[in-house]
Every structure is written in structure tokens, then in C-alpha cells.
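Here is a short report on one protein chain. It starts with the chain as a whole and then moves to a helix, a strand and a single side chain.

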Amino acid sequence: MARARTGVRALGAVLAAVLGVTALAGCSSTGGKRAEDARRAAENARGKAAVTTPRWTFAMVTHSGDGDTFWDIVQKGAKEAAAKDNINFLYAHSDEGQQQAQLVDSYISKKVDALIVTLAKPDAMKAVVAKATAAGIPVITVNSGSAQSEEYGALTHIGQDESVAGEAVGEELTERGRKKALCVLHEQGNVGHEQRCAGVKKTFGGQVQNLYVDGTNMPDVQASIEAKLQADRSVDAVVTLGAPFADAAVQAKKTAGSDAEIDTFDLNAKVAAGLEQGTLGFAVDQQPYLQGYEAVDLLWLYKYNADVLGGGRPVLTGPQIITEKDAAQLREYTERGTR
Amino acid sequence: MSQAAPPAVPGSAEPAQDERLLRTSLTRRLMGRPELGSVVGAVAVFVFFSIVADSFLQPSSLNTVLYAASTLGVMAVPVALLMIGGEFDLSAGVMVTSSALISSMFSYQMTANVWVGVGVSLLVTLAIGAFNGFMLTRTKLPSFIITLGTFLMLTGLNLGFTKLISGTVSTKSIADMEGFASARAVFAETPLLGATVKSTILWWAVLVALATWILLRTRFGNWIFAVGGGADAARAVGVPVKRTKIFLYMGVAFAAWVSGQHLLFSFDVVQSGEGVGNELTYIIAAVIGGCLITGGYGSAIGSAVGAFIFGMTSKGIVYAEWNPDWFKFFLGAMLLLATLLNAWVRKRAEATR
């Protein structure tokens, strides 16, 4: 008893000491929120409707998991377009095909004016998309499902073909004279990921190996890439399929003493900085902001003017290869989370 | 445990010696340790990968394996202690992410020295641990329910708060802020004897030593075993059951704080959706290391061996360059085998007692 109470007191003392020290150390004169505020002092006012059309309700249902950086940017694009177009925008997501379909179903019963869906698991979504079009709700598919979009009755598809994006990476790697590439998949069983790596394999002159890592555990991602680089010294290019994993690959390369080039799919502020500093070779971007923005905007155009873009073919938002020379310009946009 | 056995005198087998004293020879005492089976399992896994994977035995490879084991091992120590105390914690995985997010966002939003954020994060994380323990002892609901609730709430809070405060689902970089370099040296990469060592390896070693000392040499250690063996019996002999459990949950929170700071200062940006599912890995490491799921039995060293087996297996598969499609299957099969070997050895050890 007495010992435990001393334990409590000792703990309190330690905490007090920690806080005391940190309070003394005080503020940081570099970085942080203050620096950001100073940077964007001249930010203009966004979020005002530019049109006088009725306030329609558009809903978007994606196959995103929780806390995914990529889908966060898609959503941001959609929201900004919705604000401009005087749209009431609803968003829901589930990485389970069946649950995603149920969410779409609930929006259909809610009688939304238009729907935006992803077809990452096309078979699960087929019935609800048909139900929506039968109920007279126009549907636009984004991101994944370019092959099924038209067949299922969607107006158009906006996105990047994953295979094409992978092929672009393979071509770029060949151009850079790489011999052996490692394709790092952070979600085992994700069809899009497999398609990307298969695309790289298709056009790359050298050899491609896949490596599965646990995307929810960053130190483990790093250690796994490290292990692979140590096991196979001939790997001279590492391709990660998501921006957050590029940084883990950079650190793994450092510890493993490898001189492989690190390249990645998707962008974020760190990737832009890495490209500028030369720690990353290139990034291939599919412009997620554009996928969200265009989907809402095209649906508005359809409702307002019966306009349809794409002529039955997918409207491509990528792949855009981003290298050192584009990075400086994009960095600002990645920091505000729209690229 | 810590029953004071009469010292064995090997080599002095005089006829006059009582045969009961012989039973406490060093080998016999080792046979009774909870981590014995896992040590045999670890040796087996080590030998196996040394044979099938060429690059496994390189110093740099072993260093990578050690790092992979340490990030898991830091958490496995308090999780093992908690399990010996008869409870477990499903919120441990996301608590690591919460802890990293709190440090990062507090420092960033206040434009404060990063150590301020680190201190605040310690307080908040310990409070979450105390909440788990307090709810458990107050409501008398099973730890499964309480910590599942905390797990879900933290997952939501991590996302919600990060989005609310940062505007995106990951935090902003704090690499250019004051105090980052020193915090990095403490939590991410520590300079040691002219080289840089991953800090989690050092934290891990310290935590294992500390936990072993607590378990075997202190009254609190006895309380842990007593509480896990039978809470009512322990209460009857005057063990403060509630306080012991709350402290154990705070121990998990402390390690989550250490791991969270490692995450933050290694990568300087934290993804808010991370950490889900890792709590199971910690529990697996403790179980492989000889902790009984029902409580009352286990050791801190065992949890370290368990973490090491997990690290060797997950990275050994990469070194062996097996077809990655089957990765999870290999991992599961290896873990099952290691645990079976562990159980078998323990049974043999108990039979010869």
C-alpha cells in the first residue's frame, strides 16, 4: 500500500518535472502553426456559391478506408466544387464492398439528386448502380471501375486507369536506366494495387518484384523494405504505392546502405519536398482533387445543361509524372492538402 | 517466481545431501521458467532462417530484425505484465498513434518547442491508461469490452481531431521546429559509441530489465501475479487489486507513449489511421513468450523472446525471398509452429519436475 502510494507521488513528481522543463523550454521560433498562418495570411475567401441553380443534394460513396490521405484530397475537391455549384454534398465510405453498396442504397432511398461512386469492387456495386439509374438518379463513377462504368449505366467515369498509371511508371523507370524494381504494396488483396504493379511489370525493361507490407504499422513498413534491400542488393528502384510510404522507403534505403532510387504513386507535402531535395526520383500523380471536383462539377453541368463529358470513354485525370522541376510549384498545394 | 530456494551446489554430490536440495539445480530451475519454451522456439526459428535465407546472418540484417522486434517488443513488455495480471488491452495499438498525434499537433498548433508536446502527450496518454484501468475496476465489465470501447473511441478521436485541427488526415511536419533534433535522439535514433542505434532497441532493453525486476523482486510484482492468479484470493490477503490493475494499464500507456514518440520522431508526420490491428501483435508476442491468456503466469523476458520470434519470422520471410502472395500464410504457420513448440517444451519441462 505504502509503496504504491509512493509510486503515485513519484509519478506525479516526474510529470511535474517533465512539464516544468518543457514549459521552461517554451515556444519554438521555427515552424509550427505560426509560420503557417504567416504563409497564408493572404488566403482568399473560398466556399461561396457562384451559381443560382436550386440547392441539389449530391452524395459520394467511396471504397476508402478510415483516415486515408488520398481520399481526403478527393473529398476536398468535391466539397469545394459543391460550394461553388450551390450543392448540398454528402459523403460516406466503407472499404467493404457490401457495406459500400448499402450506403449507396440508403442515399437512393434518401432521394439524392445525383450519385458519385467508386467501383473498386464492381460486382458488389452493380445492383445498386442499376437501381439508382432506374430511379432516375444520374451516377458518375470515379477513380476505379473504368471498365465497368459504362456497362453499369453511369454517365461517365473520371479517374486514372491503374494499369495505365503502372505502365507510365514502368516506362519512366526504363528511361532512367533502372534494372530491378521493387513494388511495395501496403494493402494485400487490393485490386488497384495489384494492377499498378502489374502495369509496372508490363512496360519496365528490367525485373519487378512485389513486396507486401503492413500499411497500418509504419516502423514495420520501414523494416520490411530494409530487409528486402539487404536480401537483394541488385534492387535499384523502389516504387511505393502511396505517398506516406515513400518516406519509410527513404529511411529504409539509408539504413540498408542501398543506393536504390525511391519513386512513388501519389503526392503529399513530404513527397514534394523529397522530390525537390532529390531524395525521391519521381512521383506519379492521378490528381485526386480533380477526381472529386470534376465529378461534382460534371453532375451539376448534367443537371443544369444535360452536358456529358467523355463521350462514353473515361475522362483521365492521370498519370502525371512529377519530377524535381515540377515539385517546387506543387509544394504549396500539397501543404494545403489539395494536391 | 521469487520463492527463495536453497542454493544448489553442483558438483558436491555428497551422499549426506538431502535429495530434495538437488531438485533446485540450475537446469531444473531453468526448466521451470515460463520463457523456456519460447527460447527454444526462437533458436529454432533463428537456425531455420539462417539456413534458408543467405542474407539473414549479415550484421545489418540482424540489426533490421532487432529493430522490427524492438518496435513490437516495447509494447509487448507492459502488455505481458497486464496479461499476467489477468487483463488485456485492445486499445494499445491505436493508443500509440494517439500519443504521436497529440505530441505533434500540440507542438504545431501552439508553435511550441516539441518537448512541450511530448510532455503533454505523456500526461494525456497516461490518463487514457488510467481511464481504462479505472473503468475496468469500477464497472467490473470484462477488459475485452472496456478496451474495445476505448479502441473504437480512440480510432474515431484520432481521425476526427486530426481532420478538425490539421484539415487533413495526417499531421503537418514538425521537423523544422525547435527541440526536434534532441527529441529525435531520444526517441528515434540515438547516437551511441560513434554509431546511431534505433532508440526503440534501447528503450526495449531498459523496459524488459525494469519489468523483470518489478516482477521478481518487488512487492508490486507479487501483486501482479496474485491479481492474475485469482483476484478474490488476492484481495482476501490484502492485495490492492484495483490499484494494481490501474497501474498495469498505465504501464501500457507509458509504453504506448514511447512507441508513439518513436513513430513521430522517425517519420515526423503521423497518419491518423495507423495502428489499428497492432494490439493483436503485442498480445501474440506476449503469448508466444509464455504468458497465459488466463493470467497469473508469464514473464517480461518471455515477451521479449516472443517479439523477437515475430520479428525474425516476418523479416526472415523477406530475406528468404519467398513468394509474397503467401506471406501471411507463412507468417501464421511459423507463429503456430513456434507456439506449439513452446507449449510442448513447457509440458516436457513440467513433466520432468
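The accessible surface of chain A comes to about 14,500 Å². Carbon and sulfur atoms hold 50% of that surface. The model is predicted. Chain A has 339 residues, and 54% of them are buried. The chain contains 12 helices and 12 strands. Among contacts in chain A with a separation of 6 or more, 71% join residues 24 or more positions apart.

**Helix α7**

Helix α7(A) covers residues 191-203, which makes 13 residues. At 1.5 Å a residue, the helix should span 18 Å. The end C-alpha atoms are 19 Å apart, which agrees. Which residues of α7(A) are buried? They are G192(A), H193(A), R196(A), C197(A), G199(A) and V200(A). These residues cover an arc of only 150° around the axis, so they sit on the same side of α7(A). The buried residues of α7(A) pack against one helix, α6 (162-175), and against the strands β6 (180-185), β7 (207-212) and β9 (261-265) of chain A.

**Strand β5**

Strand β5(A) runs from residue 156 to residue 159. T156(A) and I158(A) point one way from the strand. H157(A) and G159(A) point the other way. All four are buried.

Where does Q287(A) lie? Q287(A) is in the loop between β10 (283-285) and α11 (288-305) of chain A. Is Q287(A) buried or exposed? The cut-off for buried is under 20% relative accessible area. Q287(A) has 19%, so this residue counts as buried. Leaving out residues up to four places away in sequence, Q287(A) touches T317(A), Q320(A) and R339(A). With T317(A) there is also a polar approach: a polar atom of the Q287(A) side chain lies 3.0 Å from the backbone oxygen of T317(A).

Terms used: Residues numbered from 1 in each chain as written. Chains lettered and ligands numbered in written order. Predicted model: local features only at pLDDT ≥ 70, side-chain atom pairs only at ≥ 80, totals over all residues. Heavy atoms only, no water. Helix = DSSP H or I, 4+ residues; strand = E, 2+ residues; numbered from the N terminus. Buried < 20%, exposed > 50% of the residue type's maximum accessible area, 1.4 Å probe, protein only. Polar contact = N/O pair within 3.5 Å; in protein donor to acceptor, adjacent residues only side chain to side chain. Contact = heavy atoms within 4.5 Å. Expected span 1.5 Å × (residues − 1). Arc of directions from axis to C-beta. Areas by Shrake-Rupley, 256 points an atom, 1.4 Å probe, with all protein chains shown as cover.
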